[in-house]
Amino acid sequence: MDEELFVFGEGKTEEVVFAWLSQKWALPQQARLISVDGKTNFVSGILKKVEQDFAPGIPGQMVRLLAFRDLDQDETMESICQSFEQIGNDLRGEALQFTPSHKFPNVLVSTIQPTQQHPGLRFVLHIADTPTGIPEQLNQFANKTTDAYILSIALSDGVLSRFGRKAGTKPGIIRAKVLSELPQLFANNGIGFDTDKDYLAAYLTATRFWKINRTEQEARLTKVILDRAMSYANGALEQTFASWAFAIEEVSR
């Protein structure tokens, strides 16, 4: 019997990353990520999509949910888990109880077993954390986002070298522009760099991305970074997105 997998994320970045990982790594249980357009829409977006599978549903079937969630400054992993608990109540009359995995504590799992009357529910929640290898300047934010994962591999040696060749400059110059010179220039004018997206904007400028690639789509930058990491920094790519791959594998168990 086929079991259904539904994948959810906050926005376009998660959608692009998940689609790319699914294609390039041939990950199991492929599915298209559904953007809920903001953290406050996760519960309603998930219920709208999957509640039909529980009314009445197929007894014995396991419905599998995977969600990629940022962690904002005023939140904790516990508070995020609590925000998802009601999904279990609404679908099966039983609150979701999340347990961190031993390998990646930011990947949490909750399972409600199927019965002869109702389908079961396996929910894997990936909460963004500080990716391995990210420069210290980008490890200062209380918010943890998917953008940080992109920045981490964008600033790896192999990817920087490739962007440097395309832009006609050295990778060290790009790194300095992104991590210190452009942020300092803005700070001198009273404009702080306080999010990962600020540094992605600096990366766009330092690599002359819009001129060279002739596109103004931010999503295109994400895909180009991932493509170049696959070719020139595959080890950094696998290390940075190891928790993503683990979460995708875990939901299928």
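Which residues of H1 are buried? They are Thr13, Glu14, Val16, Val17, Phe18, Trp20, Leu21 and Ser22, where buried means under 20% relative accessible area, exposed means over 50% and partly exposed lies in between, computed with a 1.4 Å probe on protein chains only. The model is predicted, so that local features need pLDDT of at least 70 and side-chain atom pairs count only at pLDDT 80 or more, whereas totals for chains, interfaces and linings use all residues. Residues are numbered from 1 along each chain as its sequence is written, and side-chain values use heavy atoms, with hydrogens and water left out.

Helices (H or I, at least four residues) and strands (E, at least two) are DSSP runs, numbered from the N terminus. Helix H1 covers residues 12-24, and its 13 residues should span 18 Å at 1.5 Å a residue, which agrees with the 18 Å between its end C-alpha atoms; the expected span is 1.5 Å times one less than the number of residues.

A nonpolar core is a set of buried Ala, Val, Leu, Ile, Met, Phe, Trp, Tyr and Cys residues joined through side-chain atoms within 4.5 Å. The largest such core has 54 residues, of which Leu66, Phe163, Val178, Tyr203 and Phe241 touch the most other members. Not counting residues up to four places away in sequence, Tyr203 touches Ala154, Leu155, Val159, Leu160, Phe163, Val178, Leu221 and Ile225, contact meaning heavy atoms within 4.5 Å. A second, separate core of 27 residues includes Phe42, Cys81, Phe98 and Leu125.

Val159 lies in helix H5 (residues 157-167) and is buried, with a relative accessible area of 0%. Beyond its neighbours within four places in sequence, the contacts of Val159 include Ile153, Ala154, Tyr203, Ile225 and Arg228, together with Ala229, Tyr232 and Ala233. Val159 and Leu226 are 67 residues apart in sequence, yet their C-alpha atoms are 8.9 Å apart in space.

**Aromatic rings and charges**

The structure holds 13 aromatic pairs, a pair being rings of Phe, Tyr and Trp (its six-membered ring) whose centres lie within 6.5 Å, with planes under 30 degrees apart counted as stacked, over 60 as edge-to-face and the rest as tilted. Phe104 and Phe246 form a tilted pair, at 5.4 Å centre to centre and 50 degrees between the planes. This pair links distant parts of the chain, since Phe104 is in the loop between strand S4 (99-100) and strand S5 (107-112) while Phe246 is in helix H11 (residues 242-250), 142 residues apart. Phe104 is buried, with a relative accessible area of 18%, and Phe246 is also buried, at 9%. Elsewhere, ring pairs link Phe18, Phe68, Tyr149, Phe241 and Trp244 into a cluster.

Two arginines have charged ends over rings, as tabulated below; a charge sits over a ring if NZ of Lys or CZ of Arg is within 6 Å of the ring centre and within 35 degrees of the ring normal.

| Charged end | Ring | Distance to ring centre |
|---|---|---|
| Arg165 | Tyr232 | 5.6 Å |
| Arg228 | Phe163 | 4.4 Å |

**Loops**

Thr207 lies in the loop between helix H7 (196-206) and helix H8 (209-213) and counts as buried at 2% relative accessibility. A polar atom of the Thr207 side chain lies 2.7 Å from the backbone oxygen of Tyr203. Arg208 is found in the loop between H7 and H8, where it counts as partly exposed at 41% relative accessibility, and its phi is near 55 degrees, a positive value in a residue other than glycine. Most residues other than glycine have a negative phi.

Asp37 likewise has a positive phi, of about 65 degrees, although it is not a glycine. Its place is in the loop between strand S2 (33-35) and helix H2 (42-50), and Asp37 is exposed, with a relative accessible area of 62%.

Lys39 lies in the loop between S2 and H2 and is partly exposed, with a relative accessible area of 27%. The side chain of Lys39 makes a polar contact of 2.8 Å with the side chain of Asp72, and another polar contact, of 3.4 Å, joins the side chains of Lys39 and Glu75. A polar contact is a pair of N or O atoms within 3.5 Å; within protein, one must be able to donate a hydrogen and the other to accept it, and residues adjacent in sequence count only if both atoms are side-chain atoms. Lys39 and Asp72 are 33 residues apart in sequence and 9.6 Å apart in space, C-alpha to C-alpha.
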